[in-house]
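Student: I would like a close look at a single part of this protein, taken slowly and with the terms spelled out.

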Amino acid sequence: EEKSELLPGYVITNDGQKIEGYLKRFLKIKSQRKVQFFQTKDSKAVTYKPKELKAYKIAADYYESHPYEGLTGKTKVFLLQTLVGKINLFEYYIRVEENRGKEMSLYKKGNTEVSLDFNGTKIQTEVLAVKDGNAYLKFASPKLLFKFKSVMSKYVSDFPALSKKIKKKQKGYRILSVLAIVKEYNAHFEN
């Protein structure tokens, strides 16, 4: 186990206890499934799954456990927080097949060839909005994509002026501006 990969951070247990220590950095998708926590750099690793923790922080990255996966979307995963406010935004990473595998030849010399093989998968990002800690809105859901005006205006209805702009489909208040809408909403409630 390479101890130099450990970064400072903490875990927050389901009962709200914050435990400082060190965490091991994983790649995006693996970070959603588990976290390895070390109380000290020399202690043994404790592995936590999303249902066992409320959150964890590794270096500058903060992850919270939320129901997102599975057939009913109720299986908890750790999601990376990308925006903080009355509405918090989290990112979920998923591997998707592109069916466009590529092979790239680095060099040929005589009967020796060195090539890289790409299997045609890429990582796609989905965004989850969480208002007041419990009102969920998946940005990738068909409901939001096809009924943006009604779904989003209802989601921000506690800011009537913003809700109205979305309902009227004003320029800058349509689905492609969803991030700007959330930022405007959060700024309104900061004061």
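Which residues in α4 meet which residues in α5?

Tutor: This is a predicted model, in which local features need pLDDT of at least 70 and side-chain atom pairs count only at pLDDT 80 or more, while totals for chains, interfaces and linings use all residues. Residues are numbered from 1 along each chain as its sequence is written, and side-chain values use heavy atoms, with hydrogens and water left out.

On the α4 side L162, K165 and I166 meet I181, E184 and Y185 of α5, where contact means heavy atoms within 4.5 Å. Helices here are DSSP runs of H or I with at least four residues, and strands are runs of E with at least two, numbered from the N terminus; the protein has five helices and 12 strands.

Helix α4 (residues 160-167) packs against α5 at an angle of about 160°, their axes lying 10 Å apart, with axes taken as lines fitted to C-alpha atoms over the stretch in contact and angles running from 0 to 180 degrees between N-to-C directions. That angle makes α4 roughly antiparallel to α5, a label that applies over 145 degrees.

Turning to burial, meaning under 20% relative accessible area with a 1.4 Å probe and protein chains only, the buried residues of α5 are V178, I181, V182, Y185 and N186. Seen down the axis of α5, these buried residues fall within an arc of 130°, so they line one face of the helix, the arc being that of the directions from the helix axis to the C-beta atoms. Across the protein, buried residues make up 38% of the 191 residues.

Definitions and conventions
Buried means under 20% relative accessible area, exposed over 50%, partly exposed in between (1.4 Å probe, protein chains only). Angles under 35 degrees count as roughly parallel, over 145 as roughly antiparallel, 65 to 115 as roughly perpendicular and the rest as oblique.
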